[in-house]
Amino acid sequence: MQGVAKCGRQVGPSLLRAGEEELLVAAALLHDIGYAPGLVVSGYHPLDGARFLVAVSAPPRLVNLVAQHSAAQFIAEERGLGADLARYPDERTVLRDALWFCDMRTTPDGRPTDFAERIAGIRARHSPCSPLVRALDAGAQAARHDAVRRTELRLGAAAVRRRVSPRRGEADGAAPGDGGVGAAREPDRRAR
């Protein structure tokens with residue numbers, strides 16, 4: 001969860017408003033909380049995590065992001081929990097895509113990875129007939145890929161906006177809080 005949150009801290013400033021940056025990091029830190037032994041009820045971590053967050057009066061948007069992270073609905077359907085998870089709406093926003101991006105670009109032990117390696121790792125850890133792999137094949141992999149790709153495109157567009165001034169086409173450099181996502185800051189030659 002810490003690796004996913006680190007990714008959120010890196011990409012959030014390029015994609016989101018200040019309040020949403022904090023929500024992304026909070027959702028990243030909590031997205032797998034349903035794995036905690038004392039919270040397991042249904043055995044499906046997005047649902048158990050969301051139920052816990054409701055019980056502690058977490059903000060509804062945070063609850064929904066945790067419940068629906070990384071195409072959770074597909075796996076819930078495979079496990080017979082679709083109606084239960086559907087109580088938590090999937091917001092389908094830039095923030096939601098960023099959370100999925102960070103989850104799919106981080107290994108279970110918190111290291112950065114790419115999407116193909118992350119999916120390969122999931123498939124290697126689970127049998128082909130597991131609900132998770134069946135869900136990937138039924139559309140979860142495509143949904144995850146689409147969210148990752150949209151986020152990559154948004155990050156690319158943000159990097160271009162930081163490098164090129166919209167008025168005169170002059171180099172701007174990286175934005176404050178870039179966190180290593182964008183290009184390195186170019187020296188401002190006008191200041192000399």
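Me: What do buried, exposed and partly exposed mean here?
Reply: Buried means under 20% relative accessible area, exposed means over 50%, and partly exposed lies in between (1.4 Å probe, protein chains only). This is a predicted model: local features need pLDDT of at least 70, side-chain atom pairs count only at pLDDT 80 or more, and totals for chains, interfaces and linings use all residues. Residues are numbered from 1 along each chain as its sequence is written, and side-chain values use heavy atoms, with hydrogens and water left out.

Me: Why is Arg123 called partly exposed?
Reply: Its relative accessibility is 30%, so Arg123 counts as partly exposed.

Me: Why is Asp137 called exposed?
Reply: Asp137 has 55% relative accessibility, so it counts as exposed.

Me: What makes Arg123 and Asp137 a salt bridge?
Reply: The term needs a side-chain nitrogen of Lys or Arg within 4 Å of a carboxyl oxygen of Asp or Glu. Arg123 and Asp137 meet at 2.6 Å, N to O.

Me: Why is Asp97 called buried?
Reply: Asp97 has a relative accessible area of 2%, so it is buried.
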